[in-house]
Amino acid sequence: MSAAALLSGRGPRLLLALLAALVAAPLGVGDYALSILIAVLLQAYLGMSWNVMMGFAGQFSLGHALYVGLGAYASGTLFVHFGTSPWIGMLAGMAVSAAVGSVIGLLGFRFKVMGVYFALLTIAFAEFTRVLFDHWGWVGASSGLVLPVTNRASDDLWLLRGSPTMFYYLILAMTVGGFLFSRSLLMRRIGYYWQAIRENEDAADALGIPVFRCKMIAVAVSAAMTSIGGMFIAFFSNNLFPESIFSMHRSLELILGPIIGGVGTLFGPILGAVLLTAMGEAFTLMGETIGIDGVKQIAYGVCLLVILILKPGGVWPWLRTRFGLDGGGK
Amino acid sequence: MDATFFLNVTSAGLLTGLVYGLMALGLSVIFGVMRVVNFAHGDMMVVAMYAAFLLFTKLGIQPVPALPLVAGGLFVLGYLLQRLVINRFLGATEHIQFLLLLSIAIIITNGVLMVFGPDARNIQLDASFESYSVGPLVLDKVRVIAAITAGGVAALLWAFFRYTTTGTAIRACADNPVGARVVGLNVEQLYAVTFGIGAACVGAAGCLLLLLVDVHPHLSSDYTLLGFIIVILGGLGSLGGALLGGILVGLSEALSGVLIAPSLKSMFSFGLLILVLLLRPQGILGKKP
């Protein structure tokens, strides 16, 4: 696709306008709004990473917190113990996550653990690792790993120590990169193989598609992408606890965005993250006004239920056809 | 640590395991018939435990006599949930069903949180402090009562599926929904009854577990996971398998708690799950698909 074709149509133009607004955002918004934007982009990025495995290749993982945690701990421990740059830590985290993902994939796919059973296998591995890290002294065990924070005059991009604005641009770059990477995956041979496997695995196999290898690549790529998000969380929040970073709650939260936005679409995870964060903020405000514990989450749950009943395929596919946003944005 | 001590820990784990098994039976029945994975299972469990707690503190009804009431209440809840919401998602893909039940779980847990607050609650019976001695063995009285009742409820359920017309009809739906419809069974109605029965099992298990542990709203996801581990160990859709899985998990929790560290006990349960998924995915007593 040529550059001119990329820029034609309403969808891509809107996308560029959105990107321009996001790049300019730190100039115009306060600290609080910036922290919300970081949360949205982080959720969008993690959702995209999960989407590669589930949305493109149709392999249901409910344990992606495992890769978030491995990425966070790999870069975090290397930094704390050896002062290694998070960029090198990130590569280590990607390697570890891809390896662990491959082991789970190897076991799951070879032994024909499929669908719900495969999802439960991924939960089991994530929970197993959570308890393991809770008892592993070198990484801080259950008392957590704290990254040293020092006052600096300027942002240090090599060691990722700096202001929220630096982290904002980092996560924005990751989200844009994740989007372009997902898009290029879908346009390659492997992307078409994945979609064939997602729609009908037996038929794909009969056509001569190397099903096992393609599924392994999907798990490894998705795990490595997710671990970069973990590295971001480690250096942005400066503390890591196995209880929260590996929690099943995180795995669940991570997949809500793409499902609400539209599984298997490129823009779905982003839209889902925006919708969920908007809902969360609105209901927090509402909960504070009413002043009762739990009101926020109930409203959140009801909202999820309503979206699911009205738009089971996600909000983005519906919006796209409704407003004619077809084109490069898929 | 001598042999008597081990014997005591083992028997306590075994008895608790029977109650776990009853809880997992509900999950197994729902999956076996409708192929729906009930991610709101632990949340129903917590609702049942709070219901039993209320009946005891407000009306003075002990958990065992309260069991039919709570199970009946949960039956209605399960029946309505299936009829009104879940039924329209029966053919949907797994991740959509999962999100559906997750939203239901969020609503239930936070409803409980709103009503009862985040604190742990427990009940004290006279029997809580009594025990039976059988030779060198010392068994908590409440644990024995809970385990025997759990076994009884499981037996009732088995008889229901084996000997009643409705039970047979539900088994027909599980085997072949299209065939069941062809011979004139009201499949929607039977599905709703099945979901109700699954919820009622959880209701019964919740009453009994309140005798053994404290309840707080955030137990729900732990029990959902525990339920999954148990049914997969034993074999989804197999009644005996759920009880066997429950006993295995009860034993592994009790033994790893004293042998290694209490905080590591869930790691052993998950380890067991991974092993069984890989070596015998249909579960110990499950039939090959």
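Biologist: What are the helix share and the end-to-end distance for residues 190–213 of chain B?

Modeller: This is a predicted model, and in it that span is 88% helix and 0% strand, with its end C-alpha atoms 34 Å apart. UniProt, in an unreviewed entry, lists residues 190–213 of chain B as a "transmembrane region". Now take residues 225–251 of chain B, also on that UniProt list. They are 85% helix and 0% strand, yet their end C-alpha atoms lie 17 Å apart.

Biologist: And how far apart are the end C-alpha atoms of residues 166–186 of chain A?

Modeller: They are 30 Å apart, and the stretch is 100% helix. For residues 298–319 of chain A, the figures are 82% helix and 26 Å. Both spans are among those that UniProt's unreviewed entry gives as "transmembrane region" for chain A.

Biologist: OK, chain A as a whole. Why would you say its radius of gyration agrees with a compact globule?

Modeller: Because a compact globule of 330 residues would have a radius near 20 Å, and chain A has 20 Å. Its C-alpha trace spans about 55 × 45 × 45 Å along the principal axes. Inside, you'll find 15 helices and two strands, and 46% of the residues are buried. Also, among contacts with a separation of 6 or more, 76% join residues 24 or more positions apart.

Biologist: How do I know which parts to trust? Which element of chain A has the lowest mean pLDDT?

Modeller: In chain A, helix 1 (residues 3–7) has the lowest mean, 48, while helix 10 (residues 211–237) has the highest, 95. Over residues 1–5 of chain A the pLDDT is below 50, and this stretch has one contact beyond near neighbours in sequence. For chain A overall, the mean is 87, and 94% of residues reach 70 or more.

Biologist: Now the place where the chains meet. Which helix of chain B gives the most residues to the side that touches chain A?

Modeller: Start with the count: 30 residues of chain B are in contact with 35 residues of chain A. Helix 4 (94–116), helix 9 (220–234) and helix 11 (265–279) of chain B each supply at least two residues. Helix 4 gives the most, with 13. Chain B's side divides into 20 nonpolar, nine polar and one charged.

Biologist: Last one: which residues have the most contacts inside the largest nonpolar core?

Modeller: Val19(B), Leu22(B), Ala48(B) and Ala205(B), in a core of 195 residues. Look around Val19(B): the residues it touches include Ala146(B), Ala150(B), Ala205(B) and Leu209(B).

Key:
Residues numbered from 1 in each chain as written. Chains lettered and ligands numbered in written order. Predicted model: local features only at pLDDT ≥ 70, side-chain atom pairs only at ≥ 80, totals over all residues. UniProt positions renumbered as here; feature names shortened; annotations may be inferred. Helix = DSSP H or I, 4+ residues; strand = E, 2+ residues; numbered from the N terminus. Contact = placed C-beta atoms within 7 Å. Nonpolar A, V, L, I, M, F, W, Y, C, P; charged D, E, K, R; others polar. pLDDT = per-residue confidence, 0-100. Core = buried A, V, L, I, M, F, W, Y, C linked by C-beta atoms within 7 Å. Buried ≥ 20, exposed ≤ 12 C-beta atoms within 10 Å, placed from the backbone. Rg over C-alpha atoms; globule rule 2.2 N^0.38 Å. Lists of a residue's contacts leave out its neighbours within four places in sequence.
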